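Me: I have a model open and would like to go through some of its contacts with you. Could we take it a piece at a time?

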Amino acid sequence: MSTIAVDVGGTHTDLYGWLSDEQRAVQEKVPTTAGDPTEGVMHALQAADVDLTAVDTFMHGSTIATNAVIEGEYAATPFITTDGFRDLIEIGRYHREELYNPYQSKPAPLTARRHRFTVPERIDETGDVTTALDEQAVYDLADQFQRDEIRSVAVGFLNSYTNPEHEYRVKEILEEKVDDLYVAISSELSRKLGSIARFNSTIMNAALEPVMAGYLDKLDRKLADEGFRGSFYVIRSDGGVAGTAKAKRQAESTILSGPAAGVRGSQAIGDVLGQSNVIGMDMGGTSTDVSLIEEGEPLITTEYEVKFDIPLVKPMLDVTTIGSGGGSIAWIDEGGSLRVGPQSAGADPGPVCYGQGGTEPTITDAHLVLGRLDPETFLGGKRSLNKEAASQAIEDLAGRLGMDVLEAAEGILKIANENMAAAVRETTIERGQDPRDYYLVGFGGCGPMHAAEVAGSLDVTSVVVPSASGVLSAVGGTMMDIQHNDDKTFYTPVEAVDPSTLAAEFQELERAIRETFDEEGIDPSDVDVERVAEMRYVGQTYEVDVPVPAGSLDSATITRLLETFHERHEQEYGIASDQFPVTFVNLRAVGRKQTVEHEFRSPSTTASGGDVTDTREVYFDGEWQTTSIYYRDGLEPASELEGPAIIEDAHSTITLNPGMNAAVDDHENIVITTK
């Protein structure tokens with residue numbers, strides 16, 4: 001089976017695929033076309049010389065939804081809620097992002113107050129109707145939406161997770177009275193308590209549906225015009241994929257589409273190395289995504305903040321993202337200190353050295369000035385870089401800092417590396433994990449240049465740069481399964497749980513998931529379903545995931561679940577106690593259907609010979625040092641290298657700092673020993 005995956009990033013669009021007829025892997029990296037990202041996708045397919053008529057499966061990850069949320073590039077989306085709760089999403093949870101900063105301000109809510117409407121209705125926490133729905137108020141809103149030509153609306157009522165009848169009635173009225181209207185209701189997205197996250201998720205669903213539908217429909221037409229007749233899947237934030245129809249109706253689930261594929265790629269590298277504990281560090285042109293693979297499985301979060309105090313209640317891979325990429329801009333703050341990011345030059349205009357109009361120095365410009373990039377062989381010679389322009393931009397910055405150009409350039413990289421190391425600490429140490437027990441996988445267009453130094457500052461001794469490091473997110477995309485989740489609140493103390501009732505609740509979730517797969521034309525009997533209970537000590541505000549066995553449940557099962565909860569709580573938070581009562585909070589079921597083979601295949605770019613190709617002077621640790629230069633496609637398995645060295649690839653460049661060693665393994669991964 002031939003499978004192609006394309007990942008659209010903020011700066012570059014990456015492609016990776018396995019062509020079964022030709023028995024070869026292909027990879028390609030092209031600039032992202034900001035005005036119309038579908039053009040970049042087609043450029044990548046053309047550059048890789050992919051015959052779409054021979055492709056069976058097309059996997060697609062993108063930052064379309066991410067950028068729409070970050071930049072607010074979606075149409076004003078009306079939100080209808082319970083009378084008296086119009087401002088709930090703006091009030092938020094009343095916590096502070098920076099405890100001691102008196103000048104901080106919260107981000108604007110996902111929809112402005114003038115677009116938030118209320119109707120009289122009320123359902124209590126048990127699901128009983130205490131105030132009937134005022135249908136005339138809904139009809140009046142429908143007339144207004146029709147006049148204003150509104151095309152998507154979000155509806156979220158208090159306690160609708162226990163009884164959704166009012167939301168369904170509002171949806172029925174709006175669809176009857178307003179032409180071509182998409183209505184998102186919170187009870188279809190989640191049946192979990194917690195109104196703020198549920199409401200935000202519903203607004204995001206309604207706001208992003210037109211964005212994703214327009215993008216995917218356009219790309220679908222272009223693929224079809226080139227002869228593609230296979231299955232088109234969209235990568236989702238939970239680590240699975242869905243068909244385009246589901247992806248459009250669950251658009252908020254694609255917010256971490258690109259990073260999710262990178263997590264899967266890191267997991268695959270861990271598998272081939274026989275390492276179950278892996279840190280993924282994906283550094284692209286705009287940002288760095290850090291993820292954790294623990295005992296062979298990626299971490300999942302059931303709540304994700306798209307911005308501070310704007311949570312979504314969706315299962316997502318737990319990824320820490322910071323604004324540190326090759327295009328991150330170096331600047332001086334009001335106190336005269338050098339800063340790097342989160343502002344980025346992106347793909348347009350890009351770093352100063354690209355010669356596309358950029359004027360502010362970036363991380364890429366610093367690498368070029370320090371000799372770590374070759375202006376003629378960058379990205380396999382596809383783009384030449386202007387070293388003089390980069391040097392001038394950094395010189396202007398250095399003058400204001402009282403430094404010379406080289407000091408400022410090296411300072412830029414040191415700050416960037418510490419920012420990324422802090423993200424790794426947040427992902428590991430703050431979760432009770434020791435990063436020294438993990439392998440660090442450095443990938444993305446810029447990750448291999450920084451991974452070894454970031455690892456060194458964390459005392460991580462082993463770094464892996466995969467054979468397809470520049471496009472590893474696309475590699476991960478070729479190995480992802482169709483996946484759907486469903487959840488509901490089941491707030492019941494452990495001692496009061498009836499095992500048969502708990503089993504019945506899970507069976508209901510499983511039926512809903514199998515129906516979803518059936519809608520996509522997949523035999524429900526082919527679907528594997530996992531059960532998860534979200535549990536906590538009574539009085540806590542966070543839960544711990546506890547796996548639940550399939551089939552019928554009994555009192556012995558409940559006892560085992562309680563024991564597992566204590567073990568996992570101690571593992572994650574360093575403490576557990578049987579002196580406090582424990583309660584079930586939410587139940588979740590996850591259904592998966594394998595779509596493609598999960599085998600990792602090397603692009604097989606190696607040729608004979610591993611001799612040093614050249615040497616050049618590269619600036620390390622405050623001085624110019626003679627550095628060995630290798631071409632990656634000339635390195636054989638078992639080749640050994642000593643730092644300082646630069647290894648150039650068509651899609652990324654690897655930096656081996658002084659005092660570090662590296663070797664090429666049987667899968668063509670470069671394994672760096674930092675000490």
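**Contacts, helices and salt bridges**

Me: Which residues is Val 340 in contact with, leaving aside its neighbours within four places in sequence?

Reply: This is a predicted model, and in it Val 340 is in contact with Gly 323, Ser 328, Ile 329, Ala 330, Trp 331, Ile 363, Ile 412, Ile 415, Ala 416 and Asn 419, once neighbours within four places in sequence are set aside.

Me: Where does Val 340 lie, and is it buried or exposed?

Reply: Val 340 lies in strand β22, which covers residues 338-344, and with a relative accessible area of 5% it is buried.

Me: And Asn 419, how many residues apart in sequence is it from Val 340?

Reply: Val 340 and Asn 419 are 79 residues apart in sequence, while their C-alpha atoms are 8.7 Å apart in space.

Me: Switching to helices, how do the axes of α11 and α12 cross?

Reply: The axes of helix α11 (residues 387-401) and helix α12 (residues 405-427) come within 9 Å and cross at roughly 90°; the two helices are therefore roughly perpendicular to each other.

Me: Which residues make that contact?

Reply: On the α11 side they are Ser 391, Ile 394, Glu 395, Leu 397 and Ala 398, and on the α12 side Val 405, Ala 408, Ala 409 and Ile 412.

Me: OK, salt bridges next. How many are there in the whole structure?

Reply: A search of the whole structure finds 34 salt bridges. One of them pairs the side chains of Asp 309 and Lys 106, at 3.0 Å from N to O.

Me: Which parts does that pair tie together?

Reply: Asp 309 lies in the loop between β17 (304-307) and β18 (310-312), and Lys 106 lies in the loop between α3 (88-91) and β6 (116-119), so the pair ties together parts that are 203 residues apart in sequence. Asp 309 is buried, with a relative accessible area of 3%, whereas Lys 106 is partly exposed, at 37%.

Me: What about Arg 169 and Glu 135, where do they lie?

Reply: Their side chains meet in a salt bridge at 3.0 Å, N to O. Arg 169 lies in helix α5 (residues 165-177) and Glu 135 in helix α4 (residues 135-147), so this pair ties together parts that are 34 residues apart in sequence. Arg 169 is partly exposed, with a relative accessible area of 21%, and Glu 135 is partly exposed as well, at 31%.

Me: Then Lys 314 and Glu 252: how far apart are the closest N and O atoms?

Reply: They are 3.2 Å apart in the salt bridge that Lys 314 forms with Glu 252. Lys 314 lies in the loop between β18 and β19 (316-317) and Glu 252 in the loop between α8 (244-249) and α9 (257-273), so the parts tied together are 62 residues apart in sequence. Lys 314 is buried, and so is Glu 252.

Me: Which residues do salt bridges with shared partners join into one network?

Reply: That network holds Arg 191, Asp 486, Lys 488, Glu 505 and Glu 508.

Me: Last topic, the strands. How many bridges join β2 to β3?

Reply: Strand β2 (residues 12-19) is joined to β3 by 8 bridges, and the two strands run antiparallel; within this pairing, Gly 17 has Val 26 of β3 as its bridge partner. The hairpin of β2 and β3 has 4 residues between the strands, and there Gln 23 takes a positive phi near 55°.

Me: And why call β3 largely enclosed?

Reply: Strand β3 (residues 24-31) has 6 of its 8 residues buried, so it is largely enclosed by the rest of the structure.

Definitions and conventions: Residues numbered from 1 in each chain as written. Predicted model: local features only at pLDDT ≥ 70, side-chain atom pairs only at ≥ 80, totals over all residues. Heavy atoms only, no water. Axes fitted to C-alpha atoms, helices over the stretch in contact; angles between N-to-C directions. Parallel < 35°, antiparallel > 145°, perpendicular 65-115°, else oblique. Contact = heavy atoms within 4.5 Å. Salt bridge = Lys/Arg side-chain N within 4 Å of Asp/Glu carboxyl O. Buried < 20%, exposed > 50% of the residue type's maximum accessible area, 1.4 Å probe, protein only. Pairing = 2+ DSSP bridges.
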